[in-house]
Amino acid sequence: MGHKFTGLKIKEEDSKAILDWTLENPKFIASLPHQPDKMHAGYVKAIFDLDNKDVKNCLENNVWKFVGKKDFSKSTDTKYFKSSHEVEPASRPFPYINLSNINRDIMNHYGIPEDCKIANMGWILSYADESYLCTWHIDNSRDMNAYHTRFNVLLSKPKGGEPILQGREGYTAIGVDKYKPAYGKKFVIPVVENGVWVCVGEKYKHSTVKMEGKKPRILLSFGYIVEKELAKELQLKSIEEWK
Ligand SMILES: [Fe+2]
């Protein structure tokens, strides 16, 4: 059965701008601190909180010297910048204009409210090689009325590396099941490059298919704290788009 993707594909020019910048800067990427959590193994590097004005300032001006000294209050910023780690400067400023184009297209497509809060870890660019493994985990929002929801897109997709979702209580792999508080089956989203998918990481345990080959897995992830009913709706919409 062939899959016909009916969702949002980000614009080629926006995707290419960020992909080119990423591939141009292997030394910059290698010099970043490792992904600081236990959910991921193998080679994976990430820039967190791309939406944060201090991070934006560093990337836009390509000035990194001061970041280690800066006293960030947000926990993820602290994790990312806590050491006075010397970051290898990038070849040129990060193409923020394309990043905001992609974010705007995602917000429009999914109807994310303008005033929606940005989730813990913010907007992320991550780079993984063939050794990468995302272990099964859930994401938290620490918000009673909303879910940590991520709008993800692969700028570079290797063989494998597809996301896998597994419903938690009341959530099957492919939807919401009010009557069966059982874990759902695993559902592999057959993603292609530049196609956006949604991950409501609090209600779906998630992981990835093992990667193979030399092509890197380059992910852009826009995290928002989405009101519960809307988050459910968007998860279902996304799964429908990939079925
Ligand atoms: Fe996650």
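Student: Opposite which residue in E11 does Ile-164 stand?

Tutor: This is a predicted model, in which local features need pLDDT of at least 70 and side-chain atom pairs count only at pLDDT 80 or more, while totals for chains, interfaces and linings use all residues. Residues are numbered from 1 along each chain as its sequence is written. Strands (E, at least two residues) and helices (H or I, at least four) are DSSP runs numbered from the N terminus. In E11, the residue that stands opposite Ile-164 is Ser-207.

Student: Over how many bridges do E6 and E11 pair?

Tutor: Two strands pair if DSSP finds at least two bridges between them. Strand E6, residues 163–167, and E11 pair in the antiparallel sense, and the number of bridges is five.

Student: Why are the buried residues of H3 on the same side?

Tutor: A residue is buried if 20 or more other C-beta atoms, placed from the backbone, lie within 10 Å of its own, exposed if 12 or fewer, and partly exposed in between. In helix H3 (residues 53–61) the buried residues are Val-55, Cys-58 and Leu-59, whereas Lys-53 and Asn-61, on the other side, are exposed.
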